[in-house]
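Visitor: I would like to go through this model term by term. Please set each value against its definition.

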Amino acid sequence: MENRYIDLARLGWNEWFEERNNLEPADTVARVAAVDRDLLLLMDQSGTFRAKLAGSYLYRHHLSQELPCVGDWVCADKQSTDDFGLVHKLLERRTALRRKSAGDSPDYQMIAANVDYVIIVQSCHYDFNLKRLERYLVMVRDGGADPCVLLTKTDLVAPDVLASQQAEIRAAGVTAPVLTLSNVTQEGIDDLEGMLLPAKTYCFVGSSGVGKSTLINQLIGREMLQTNGVSGTGEGKHTTVRRELIILEGGALVIDTPGMREFGILGAERGIDSSFSDIIGFASDCRYRNCSHTGEPGCAVLEAVNSGVLRQEHYDNYHKLREESGFYQMSDVEKRKKDRDFGKFIKSAKKDLEKW
Ligand SMILES: Nc1nc2c(ncn2[C@@H]2O[C@H](COP(=O)(O)OP(=O)(O)OP(=O)(O)O)[C@@H](O)[C@H]2O)c(=O)[nH]1
Ligand SMILES: [Mg+2]
Ligand SMILES: [Zn+2]
């Protein structure tokens, strides 16, 4: 590796990136720790700094997969007039965790880039779902990263329940490592910690409320990430709203992500529409074009359910899957709140990273 990149190695840089990207001697490379549209938090060998996407970059790239996301390597000019660096190049990705955009768009929504291991988190208490796990495994492999399965909240189920879930995973032919832990009793946390290698990037994904941020806080050793303190409530609400790259004391790089309703799963929408074509058929007769089929007046889908033409169970499954697949986008209110929070976040993240 060239000398100027050696310090970047602890942020995950390696020969692969050097060989794949035609870098000029003047290029300064940095890794994306967080993103909010054209605003980025970057890290390099000397610390963290804020940056914006260069106008010329935005002009030339329109697909969301072409925009930097958490974990990406970029070229950035640090000196810029208004205290922001300027990102003018996105380096080639070694791996990509991404999902297909809705419809026939060729675009992908990026979740994280250059991840070595994706830790698929499910709580063994009411969240365990083999089908969903399998869809995650497909998404991870599709993007070139290695999967690991993690069952949390083992303190809430009897040992035989946990054992049968593990057996179910094995019986399905899943070859990825399967770990279990409790953030409450700490049982199993050592096993996970022992697996985390310096300069490797681990992305935690899974439904909202399974304990991803709680776990990462334990790994950091303090309450850096906000977690959902009120258990049993807050249905449908995400505590974590932003993907964020954090460096642990042992040198591993971890990415926290919001619960999966925001993301959905690779291509899931299309799959759902094809298995529920009967519902889609009724939906064309709904009074409102954007009908959610949950109680709007003139909803033809509900009418079909009520008159017994559609089975209630089929209808319920449809909603469950759509919800899981991220079909329900965040409301505008949530989006605005997210924007406001980002300013605060940048400040605190900068402080945290500077200590490191
Ligand atoms: N009993 C038990 N509760 C846990 C465990 N891990 C987390 N929790 C609780 O579960 C709730 C949700 O935890 P979070 O860490 O916020 O979940 P998350 O996966 O980050 O959720 P999002 O950020 O919304 O995606 C909190 O109330 C935690 O205290 C565990 O191992 N056992
Ligand atoms: Mg969280
Ligand atoms: Zn309807």
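Visitor: What makes the span of helix H3 close to the expected one?
Guide: H3 covers residues 130-142, 13 residues in all, and reaches 18 Å from its first C-alpha to its last. The expected span is 1.5 Å times one less than the number of residues. Helices here are DSSP runs of H or I with at least four residues, strands are E runs of at least two, and both are numbered from the N terminus. This is a predicted model: local features need pLDDT of at least 70, side-chain atom pairs count only at pLDDT 80 or more, and totals for chains, interfaces and linings use all residues. Residues are numbered from 1 along each chain as its sequence is written, while chains are lettered from A and ligands numbered from 1 in the order in which they are written.

Visitor: Which residues of H3 are buried?
Guide: Arg132, Leu133, Arg135, Tyr136, Met139 and Val140. They cover an arc of only 160° around the axis, which puts them on the same side of H3. The arc is taken over the directions from the helix axis to the C-beta atoms.

Visitor: Why is glycine 85 called buried?
Guide: Buried requires 20 or more other C-beta atoms within 10 Å of a residue's own; 12 or fewer is exposed, in between is partly exposed, and C-beta atoms are placed from the backbone. Glycine 85 has 21 such neighbours inside 10 Å, so it counts as buried. Glycine 85 is in strand S5, residues 85-90. Across the chain, buried residues make up 35% of the 356 residues.

Visitor: How do you know that the buried residues of H6 line one face?
Guide: Lys212, Ser213, Leu215 and Ile216 are the buried ones in H6. Seen down the axis, they fall within an arc of 160°, so they line one face of the helix. These residues pack against strands S8, S9, S11, S12 and S13. Contact means C-beta atoms, placed from the backbone, within 7 Å.

Visitor: What makes up the shell around ligand 1?
Guide: It has 23 residues, the closest being Gly211, Ser213, Thr214, Thr240 and Gly259. A residue is near a molecule if its C-beta atom, placed from the backbone, lies within 6 Å of it. Helix H6, residues 212-220, gives the largest share, three residues.

Visitor: How many residues of that shell are polar?
Guide: 16 are polar, with four nonpolar and three charged. Ala, Val, Leu, Ile, Met, Phe, Trp, Tyr, Cys and Pro count as nonpolar, Asp, Glu, Lys and Arg as charged, and the others, Gly among them, as polar.

Technical notes
Two residues are in contact if their C-beta atoms, placed from the backbone, lie within 7 Å.
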